[in-house]
Amino acid sequence: MSTEPAIQSRAASRPDLRIPAHVGVIMDGNGRWAKARGKPRTEGHVAGVKALRGMVEHCINYGVDYLTVFSFSSENWTRPKDEISFIFGLLRRFVASDLEKLHRNNVRVRIIGSRDGLDDSLRRLIAEVEATTALNTGLQLQVAFNYGGKAEIADAVRRIAGLVAAGRLKAEDITEDTIGRALYTAGMPDPDIIIRTSGEQRISNFMLWQSAYSELVFVEENWPDFNEAAFLRVLEEYSGRDRRYGGVEAQIR
Ligand code: IPE
Ligand code: IPE
Ligand code: MG
């Protein structure tokens with residue numbers, strides 16, 4: 001992050017905006033951003049990390065409680081090996097360069113996703129990030145890395161089935177809450193809004209269970225171009241949405 005958090009929330013200057021408690025972001029379009037500039041795709045990922053720093057700041061400044069960003073999907077393993085190792089290297093560099101500042105800004109960081117396929121040093125790094133920031137009470141930042149919504153549900157089902165097999169849970173006692181608590185996002189509110197950049201209009205296996213009633217906002221900017229003005233346009237769009245949750249009246253927030 002390049003600046004310290006604003007002392008006074010910027011939301012105070014925009015009382016017309018409804019601020020979502022939980023924002024999910026599918027950070028897409030890094031490769032196309034780079035291609036449009038005649039650069040290698042890797043440059044797009046570097047620019048994407050800068051946009052992520054900006055997004056963390058905007059969420060702090062506007063009073064968002066939870067930010068969950070999709071940074072590497074379980075399907076992204078199909079990409080060329082070089083690109084995958086570059087993205088993994090970027091995660092390491094992001095932690096090395098930003099952990100201290102995130103911690104100073106009271107941000108709690110969690111990495112959600114499967115630990116399968118990650119080497120020991122990366123697992124240790126994840127454990128370090130999570131332990132360092134575990135008691136922070138400001139922005140709750142979830143980085144979805146090696147994450148897939150279907151894999152997350154399969155993991156949860158496996159865990160619940162284990163409890164049933166061990167006689168610690170009755171099958172008839174399984175509720176939506178049981179499943180919610182077995183997901184990587186246990187204890188967090190569902191995202192109020194999911195933003196996808198780069199003009200693609202699909203979920204691509206992001207937060208399948210949690211997005212049941214999320215407002216979806218698709219924007220044309222590629223992720224590296226997603227700045228504060230773009231974020232404000234999204235908040236304006238969100239503020240105009242009626243959330244009915246299957247009912248008749250719009251619910252607040
Ligand atoms: C998003 O940008 C970052 C990751 C999926 C890792 P992309 O790399 O998907 O960029 P495009 O969609 O090819 O432009
Ligand atoms: C979704 O983007 C995953 C991330 C942003 C990490 P993709 O670029 O992988 O999605 P598709 O392939 O266009 O659906
Ligand atoms: Mg993409």
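## Second largest pocket

In this predicted model, the lining of the second largest pocket divides into 7 nonpolar, 5 polar and 4 charged residues. Ala, Val, Leu, Ile, Met, Phe, Trp, Tyr, Cys and Pro count as nonpolar, Asp, Glu, Lys and Arg as charged, and the others, Gly among them, as polar. The lining has 16 residues, of which Glu176, Asp177, Gly180, Asp190 and Trp209 lie nearest the pocket's centre. Helix H6 (residues 176-182) gives the most to this lining, with 4 residues. The volume is about 220 Å³.

A pocket is defined on a 1 Å grid over the protein atoms alone: it is an open set of points where a 1.4 Å probe fits, with protein on both sides within 12 Å along at least five of seven lines. Lining residues have an atom within 4 Å of a point. Grid points are joined across faces, edges and corners, and a volume is the space filled by probe spheres set on the points. Helices (H or I, at least four residues) and strands (E, at least two) are DSSP runs, numbered from the N terminus.

## Largest pocket

The largest pocket has a volume of about 680 Å³. Its lining counts 29 residues; Met27, Phe70, Ser71, Phe72 and Asn76 lie nearest the centre. H1, H2, S2, H3 and strand S4 (140-147) each give two or more residues to the lining. H2 gives the most, with 5 residues. By class, the lining has 13 nonpolar, 10 polar and 6 charged residues.

Ligand 1 sits in the largest pocket. A molecule sits in a pocket if more than half of its atoms lie within 2 Å of the pocket's grid points.

## Ligand 1

The shell around ligand 1 holds 13 residues, and the closest are Asp28, Gly31, Arg32, Arg41 and Arg79. A residue belongs to such a shell if one of its heavy atoms lies within 4 Å of the molecule. Helix H1 (30-36), helix H2 (41-62) and helix H3 (81-104) each supply at least two shell residues. H1 gives the most, with 3 residues. The shell divides into 2 nonpolar, 6 polar and 5 charged residues.

Polar contacts (pairs of N or O atoms within 3.5 Å) link ligand and protein. A polar backbone atom of Arg32 is 2.7 Å from an oxygen atom of ligand 1. Polar side-chain atoms also reach ligand oxygens: one of Arg41 at 2.9 Å, and one of Arg79 at 2.7 Å. Taken alone, ligand 1 exposes 380 Å², and the protein buries 86% of that. Accessible areas come from the Shrake-Rupley method with a 1.4 Å probe.

## Ligand 2

An N or O atom in the side chain of Asn76 lies at 2.9 Å. A polar side-chain atom of Arg202 lies at 2.8 Å, and one of Ser204 at 2.6 Å. On its own, ligand 2 has 390 Å² of accessible area, of which the protein covers 77%.

## Basis

Residues are numbered from 1 along each chain as its sequence is written, chains are lettered from A and ligands numbered from 1 in the order in which they are written. Local features need pLDDT of at least 70 and side-chain atom pairs count only at pLDDT 80 or more, while totals for chains, interfaces and linings use all residues; side-chain values use heavy atoms, with hydrogens and water left out.

Note on methods: Polar contact = N/O pair within 3.5 Å; in protein donor to acceptor, adjacent residues only side chain to side chain.
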